[in-house]
Amino acid sequence: MECTTLKTVFLLMAQYDARAVIPIEWVARDFFSHLTADNLVRKISAGAIALPLVRMEDSVRSAKGISLLDLAAYIDRRVEAARKECRQLTGQGGR
């Protein structure tokens, strides 16, 4: 695990009281405020958002969430993509 991911993991642990799996409603509220939890589940299930969805049972109505480690990795990938785009827009080669 990379250093930045570890930092993100620790920040998320503090934010979510060290839960291993974050309820999908919380992830939607905190990181996808433009989506309802149901819409977030649909986008993840369709592959539009690259986050593994944890289903606590095989039932359609089971609790759903995102692993804290997967959320940290996703956030770090999005941050790196934003940095790359910024470098391209500003013509900077470094960080």
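I looked up Phe32 and Tyr74 and found both buried, a word I use for under 20% relative accessible area, with exposed meaning over 50% and partly exposed in between (1.4 Å probe, protein chains only). I note that this is a predicted model, in which local features need pLDDT of at least 70, side-chain atom pairs count only at pLDDT 80 or more, and totals for chains, interfaces and linings use all residues. Residues are numbered from 1 along each chain as its sequence is written, and side-chain values use heavy atoms, with hydrogens and water left out.

I then searched the whole structure for aromatic pairs and found two; rings of Phe, Tyr and Trp (its six-membered ring) pair if their centres lie within 6.5 Å, and planes under 30 degrees apart count as stacked, over 60 as edge-to-face and the rest as tilted. Tyr16 and Trp26 are stacked, at 6.1 Å centre to centre with 15 degrees between the planes. Tyr16 is buried at 3% relative accessible area, whereas Trp26, at 27%, counts as partly exposed. Phe32 and Tyr74 form a tilted pair, 6.0 Å centre to centre with 40 degrees between the planes. This pair joins the loop between α2 and α3, where Phe32 sits, to helix α4, which holds Tyr74, 42 residues apart; helices (H or I, at least four residues) and strands (E, at least two) are DSSP runs, numbered from the N terminus.

Finally I checked Ser67, which lies in strand β3 (residues 64-67) and is buried, with a relative accessible area of 16%. Leaving aside neighbours within four places in sequence, Ser67 is in contact with Ala20, Val21 and Val54, contact being heavy atoms within 4.5 Å.
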